[in-house]
Structures are given as C-alpha cells and as structure tokens.
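Colleague: I have just opened this one and would like a short tour. Can we go through it piece by piece?

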Amino acid sequence: MYLSASADAQQIRWAEQARRNRQEIVRALSHGQVSRRDLLRWGVFTASGALVAKNGFSPFVGNAHGAIPTGVPSSPKFGAIDFSAPMPRCDLMERRDISTLTPTPRETANTTPVQVRGPDGVAVTGPMEGRPPGPMWAHQGWSNFSPRIAVEQWQRGACNCDDYHPGVDSAFNCGIDPKVPVKPCFHPKMAVQTEQSLWTFSGNAPPKLLLGRYGEPILFRHHNDLPAKVTSNAGFGRNTISTHEHNGHHGAENDGFTGAFFFPGQFYDYHWPIVHAGFRTINTTATDPRCGAPDGNGGITKLPGDWHETMSTHWFHDHMFSFTSQNVYKGIAAMFNLYSSLDRGNEAINDGVNLRLPSGTAKDWGNLEYDVNLMINDKAFDKDGQLAFDIFNFDGFLGDLMMVNLTYKPYFYVERRKYRFRILNASVARFFKLALSNGAPMIQIGNDGNLLPRAVMLSELDEMGIAERYDIVIDFSDYSDGTKVHLVNLAEHQDGKSVAKNLSLAEALSGKSADPCVGRFLEFRVRGTKRAIDKSRDFSQPGGMVLIPNPDLSKIPIARERTFEFNRGASQTTRDPISSALGPWGVKTDGGATLAADFGRVSALPKAGTREVWKLVNGGGGWDHPIHIHFEEGQVLARDGKASNVPLWEQGRKDVYRLRPGGSITITLQFRDWGGMFMEHCHNTVHEDNAMLLRWDVNANGNAVLTPLPTPIPKPTGVEFLAPTETLRTA
Amino acid sequence: MDTYLDSKGAKRGLTAAGIVIAALVLPVGVWAVVVKGPPLSLPVNALLASVTERIGLTGQVAVTSRIIEDPDFHAPAMLELTINFGGVRGVGLSTRSVFVSEAQTIVRRPLLPFDEIEAVFPSAPGSDLGRAFVSKAVISVAYNQASGLLLSTRVVSMPPAVAFLP
C-alpha cells in the first residue's frame, strides 16, 4: 500500500494528489460538511464501502499513464534513524485528594450554566457538565463508593510537556531528564505537532498513565479544552468527546457511552469505584485477603467481591460516535494500571497473596521500575510531518511508522533481570504478532485486563487485535552487557481488513516485506556486567506459573444464549440524525438483519444478576474483527464450536475477542452490580465508525420487566432524551 | 484551487455535529467458506545443541488446519495452521533434564501450492525460563488443487537449537 523508497517522482506526485483528494473528504466529513450518504450518492464510495476505483483517488488504481498503482506516499521521516531515540515511560497523571476538586463533584450532573462551544465555535449557554442530567445518569454507588482520589485532565491540542512525571528515576527511563520540556513530536528529528494535529490528555506526550488501586474510588474530571471550532482539526478528528475506561466495572454513566459526548467548554465527571465484580453477592463481609488492595503500609485492605475478577491492565480512550477511529488515532488514549492485593506492584512483599510480579520495591504499591507500559501503534504523516489520517476505504487505516509510547522505533535500556511489559495495541486497524528477534521465550501472564489462570511460555505471541493487552515477562538475566534484542512484529498487512500473512521470524527480520511496520520496532539495550537484584516471582518454582484462576460459573444457570454475527452489507432501519450511522459494516443479532449502528437501538437486554452465553461469529473470510464488549469480562468457552480450540493464553478472562477470518468464539458473561446502556462493537475503530456497533442495556433496578432506557442526545445547550429508536424483538 | 468537493458544489454550511442518514440497503455479504483439515501429528526426532548440552527431541507436533475462502472480495484463500508443540519432549544428554513445551502458535498465510512455515518455540525443564532453549520447526505444506482441499504436511528439519544468548 505504501510506495517503496524507489518510487519515481511521477508516482509520488500522483500519490500525493490522490492523498490530497482523499484528505479533503476526511476533512469535510469531520467538519460535518458532507455525510457518508453524500459520498455514496456521488459515487465516491461504492455501496460496499470501497473507494471508487478511480484515477486520482484510490491508491489501488493505476494512474492514467501506466499500470502501476499509485500507492500511498510514504510518511517523511526527516532523517530520523531507527532506534536513535529513547523510549519514554508514560507520564503519570496526578492523583489528588478529592477535596481539592472544584467545583465539588455531584451525584447527578452539574447543570450550572456556562458558555459552551457549538460546532461553529460560537458560545451558547449550556450546562457546565456534559453528563446527561437526572437520576438515570446519576453516579451509581455514589454514597457507598464516594470518590477519594481526584484526577483532573484537560483534553487539548498539542503543547510541550513541562511537567513530566515518569514515576521512576531517570536511570530507569533511559536517562531522560524529566525537567527538560518534552516537545510533542514523535522523534527529535520529526516535526513538532501543531495543536490541531495532535490531541491528547494535557495536550502532550509521552502518553499518560493512571495508577489506581482497588477500594480507592476515583473521580476522573475530563475537561474538553479542544479547539472550539469543529473545523480547527487539521482535517480529521471531532472536538466532541466521550471517555471510555476500557474495561471498567462501573455504571454506564461512567463508561463513555458513545452517545454521551460533551462539548468544548464542558467537563464530564467519570466516577470509577474500582471494585471487584460480584461485590454485592460474594465475599460481602470482605474476609478474603485475596480480594483486596495494598493498604499503604505493607498490608492488605480487604474488600468485598470476587477475587477471581481482579483486573490489572486497562486503558482509556475516546469513544465519540462515528469518530472513535479519528480521535483515538489523533492521540486521545492513555493507559491505566490497577493494583490489588494480588497484583500490588511490589515484588518483595511475600505475604502469601501478592503474586510478586516484576515491578520494584521502594513503594508499598505501584512500583514501575521493572513494570513498563508499552503503547504500540502505527502512525502516518503528511508531507509536512503532521499527523495525518487517510481513507482508502472503510476497512481500516494503516500507518507506516511504528511507534512505542508515541516515539518512533525507540530504544529502551534494561537491566539483567526480569521485566513485566504491559503491551497495548492502540492502533486503529492494525494487528500485531510479536516475538523477540532471537526467538527467546517470553512468559505471557495476562490477556486484556486479566492475569491468566496459568502463565504460558511462548516464543511467538498470538496476533494482537486492536485494544487487546498482553502482559508479558521477559528475562534479560542471561544477556551480556551491551546486548541488543528487539521486539519484532510478524504480522504483515496489505490493508485494514485483516492480517495478510504471518511471517516467520526470519522473513520479518529480512527487511523484504512491503509492509513498513513489519520487523524490528523496539530495541532493548541490556546494561550491567552482572545480574541485577530481582526479588520478583520465580516462575520455575512449583506453582510458579499459577496466577488467578477463573471464577467457577458452573453453578450459575445460563439465562439466555445470543448470537451476534459481524458482517458487511448493513442495512439501515432507523433514521435519527444523531444516533444513527451509515456504513458497510454491521451486526446481525439472533438471526435478524445485519444492522448498521444506532446508539438509540437496543439490541440486547440481559437481566441483571444473570449469566448468558454469547456467540460471536465472523460473517466473512476476508476480514478479522476484534470484538469488544463493554463492562463485563467474559470467559471463552469455545472457538469454532470446540473448547479444545481455545489456546492457553485465552483460557482466562477477556474483554476483546478476536474472531479470526471465518471464525467464531463463544463466551459467557455475568451481568451484575451496575446497570445502564453499554456497547458491543468491533475495535477496528474504522469498522466501528462505519457502523459495526450495537447497544445493549442492563437495567439493574431489579424490575421483572426489562425496560430499555431513553437515549441521550447531547447538544451544547444541554442533553435531551429520546425514546429508543428501536428495540429488537429478540432483545 | 477547485477541489474535488468544490467541483461537486457539495460543501454546505456547518451543521450540528451529526450525520444525515437515510434508509439504504446494501448488499449482504456471502457466508465465508471454511474447510477444516484433519488433525495431523508430525513426528519429531532431532538432536539439537543448546548452550550447555545436546538435547534429543522426540514426540509429535500437532497441527490443525483451516482453509478460509473469501467469496466477498475474491482474495486468495488463506491457510491457518494451529501448531501445538505440547507433544514435543527433549532430554538433555548431559544433565538428563527433561524439556517440555507448552507453546502453540497460530499461523495464517495465503494458501499456496507449496509453502514452508517456520515456527519458533521454547522448551524448558518445567517453567524454568533460565534454562529454556528455543527450536525452530519448519513445516512444509503442499496443496493440491486438482484433488480439492487436500493438505499434507511434513517436518523438513528441526535445525540446531538457537541459543537465546546472542
């Protein structure tokens, strides 16, 4: 797809013109000047979502003067050399006492009138807080789980980071001096991003990391400080946002529902109670130390709930309806480490509960010296080096520059001991398949937010879909000082539909792949003439690989089975101008029609307190979908109909389920503790935006009758509510 | 400069954030064709050299396969192999240590008349990462279109172990 380095000047000119044409369309879509329906009507896109095979538009069509595809111009690198920049640790979000937050957070939305920016940038009077008002969107559990920690962030355009907090000494951070301002660029030689090109938390890099612990509810106040005009976006992205904590167990009002977005000038208070699932019914008197949190003094605060449901590695990102892909790509993504008595981030405390995973020892919890977050994704630039988003079709956008923690192909110093890496696939449409350049073994300890029942030793990880997290342990003990080992991507793409080919390690390292994001992308540089002190878990000991077993659901009856099939060829049955989307992708529920997204449509209504089995089916062989279900974790029961097809690394709990081409996956979930409207969608966010998303409600009021909830329709002047546009008969 | 959209007279004034839609029925995708091959066990018999000793590997590599057609885009069929090394066992000739593997790998590639698929996997005494060694399985895949969906595999070689010390 990307032009090779040997492309001639004429090819590059044609490709650049085609890209400008496409970027004009992206810009107009993001500004609301045209709609997807317009583009279909004009013949810009085919009914199946493909860019019309047209000279001067499609990168896959030969130019008028020859048969060679125009391709896509490669992103300029301005002389940046691979592995010449240090990889920065994530920047810790500041945690404050809740009493410092002004105005004081409220159970229901704060509707104090303020000036709110509409799409044209003109201020109108609207509510201070963008959360839908009233009791239905009040924070569930507000009294029982009063927030104790305030985290206040401003979503804004790119600026320097003058206050970088990596959470570790610079010796553990490649010598990066945190007092030196960090410019918003992906490499020292690359262009500094403008405030319209890159949007992120506090507007700056490195990507943000929030540390939280169970039993310590957080109030995340997110201010929308993005450019007021919808057109001030460098041609992509939308300045209305909704923040999804992936995959928090909390009420829907705090889940970043795609239709609960808010405008520049507003904030939204997200209340994250940080509880173990099942707290209302299991271990209610909090007697089990395995269900707990670090108490700050080397001990454990016991908490109610099911310790089998302990989670570890989350992230949060934008979820704006129809613009998730553009906004997340633009930078609205951060990571979130959750700490518990089992996974407390202190490898030395040996209390019979703590799993002592690689972390550090200085603090009671949350040590990061040997616990490293890696946010990996692919980006692309325009000719000026500014972040650029392109459309080829609705299959998925692929960049040609590999980033780790928003740094182009960096290096990272490691000591001669074990490290934990929390790897997040934060791409828009790209899958990864990772290995070390020398084939050395890794121990996979976690999948998505959950530590596995049993860790697995592998040389090649499975493909990672978008939004999946793999926690792995790498042991650098036996390397000599100065050794360089690389993290390698084996998954070769040609387009955003799915991986075209899994390469062997030799193929990936050969440099012959046409996919610029295949091969080495992160360089570990080993330092130390002798082994470093390592007090973390010895996996070789008996039971050393045993982590967190799954909850036993065998005695919980299955209340309902549902089937969701993810297809092309969606039809539109509702017409709401805000809540409905148009696109080639859709979801077929329980044998009905394949429907394009409408967040006003309720596709499933599980009853609170029950368990269901959901079968997720890939309706095609030419694409893959990583399907994400909000709110509840699931256990994989079968792949392609058989339990024996479930690989070891999927035998824990997950929240993103990669279907594989032509495949199906059967999972079981419980629905409990909280209620509201949640989502299920493909996390190839271009598929999601075009329109592979559905809404499901769980009404936790305990009523016998399952009642679909009114849909919020945000406007700068306030949120209106409409009845659901549709409730499926099978819901 | 007249842009593509200017020429269409298409841009209109700013509207409220949202997307105008209408009922539009799009063609429904065709169900993918997935053919599952019979499970295969590939015998392993190799003598490898790790950093510390020679290791005799025996046992079976279990391979299951799927061929996935793409009737929607008419892209070439894909071959998916799930390779399970759990049946491979090694014995160190010096230490008599027993090396086992729990590794699996899933490889998806375009279906070709002939392909060689390499997969790297670790073996260790139990879960002793410090004593693990790595091997490379090379699986030859032959596809005979005339006979229909016929898949045959054989192990070409198990090269000497690649020590993970550089």
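Colleague: To start, is A:Arg156 buried, partly exposed or exposed?

Modeller: A:Arg156 is partly exposed, with a relative accessible area of 27%. Buried means under 20% relative accessible area, exposed over 50%, and partly exposed in between, with a 1.4 Å probe and protein chains only. Before we go on: this is a predicted model, in which local features need pLDDT of at least 70 and side-chain atom pairs count only at pLDDT 80 or more, while totals for chains, interfaces and linings use all residues. Residues are numbered from 1 along each chain as its sequence is written, chains are lettered from A and ligands numbered from 1 in the order in which they are written, and side-chain values use heavy atoms, with hydrogens and water left out.

Colleague: Which residue does A:Arg156 form a salt bridge with?

Modeller: A:Asp225, with the closest N and O atoms 3.0 Å apart. A salt bridge here is a side-chain nitrogen of Lys or Arg within 4 Å of a carboxyl oxygen of Asp or Glu. The two residues come from distant parts of the chain, 69 residues apart: A:Asp225 is in the loop between β8 (218-224) and β9 (243-246) of chain A, and A:Arg156 is in strand β5 (residues 149-157) of chain A. Helices (H or I, at least four residues) and strands (E, at least two) are DSSP runs, numbered from the N terminus. A:Asp225 is partly exposed too, at 36%.

Colleague: How many salt bridges are there over all chains?

Modeller: The search of the whole structure finds 48. One of them joins A:Arg213 and A:Glu216, with the closest N and O atoms 3.0 Å apart. A:Arg213 is buried at 14% relative accessibility, and A:Glu216 is buried at 5%.

Colleague: What about A:Asp590, where does it lie and what does it tie together?

Modeller: A:Asp590 lies in the loop between β29 (585-589) and β30 (594-595) of chain A, and A:Arg560 in strand β28 (residues 558-568) of chain A, so the pair ties together parts that are 30 residues apart in sequence. Their side chains meet in a salt bridge at 3.1 Å, N to O. A:Asp590 is partly exposed at 22%, as A:Arg560 is at 27%.

Colleague: Which residues are linked in a network of salt bridges?

Modeller: A:Asp448, A:Asp462, A:Glu468, A:Arg469, A:Lys654, A:Asp655 and A:Arg658. A:Asp448 is also in a hairpin turn, where its phi is positive, about 55 degrees.

Colleague: Which strands form that hairpin?

Modeller: β21(A) and β22(A), with two residues between them. They pair in the antiparallel sense over five bridges; strands count as paired if DSSP finds at least two bridges between them. A:Asn447 has A:Asn450 in β22(A) as its bridge partner. β21(A) is also joined by four bridges to strand β23 (residues 469-475) of chain A, again antiparallel, and A:Gly446 stands opposite A:Asp471 there.

Colleague: Why is β21 largely enclosed by the rest of the structure?

Modeller: Six of the six residues of strand β21 (residues 442-447) of chain A are buried, so the rest of the structure largely encloses this strand.

Colleague: New topic. In what order do the six strands of the open sheet run?

Modeller: The order is β36-β33-β38-β39-β31-β42 (chain A), with mixed pairing. β36 (656-658) and β42 (726-727) of chain A are at the edges with a single partner strand each, so one side of each has no neighbour in the sheet. Inside that order, β31 (residues 601-604) and β39 (residues 693-698) of chain A run parallel, joined by two bridges. A:Val602 has A:Arg695 in β39(A) as its bridge partner.

Colleague: How many aromatic pairs are there over all chains?

Modeller: The count comes to 45. Rings of Phe, Tyr and Trp (its six-membered ring) pair if their centres lie within 6.5 Å; planes under 30 degrees apart count as stacked, over 60 as edge-to-face and the rest as tilted. A:Tyr370 and A:Tyr419 have ring centres 5.3 Å apart and planes at 80 degrees, so this pair is edge-to-face. Both A:Tyr370 and A:Tyr419 are buried.

Colleague: And how many disulfides over all chains?

Modeller: Zero, by a search of the whole structure, where a disulfide is a pair of cysteine sulfur atoms within 2.5 Å. For A:Cys90 the nearest cysteine sulfur, that of A:Cys161, is 12 Å away. A:Cys90 is buried, at 4%.
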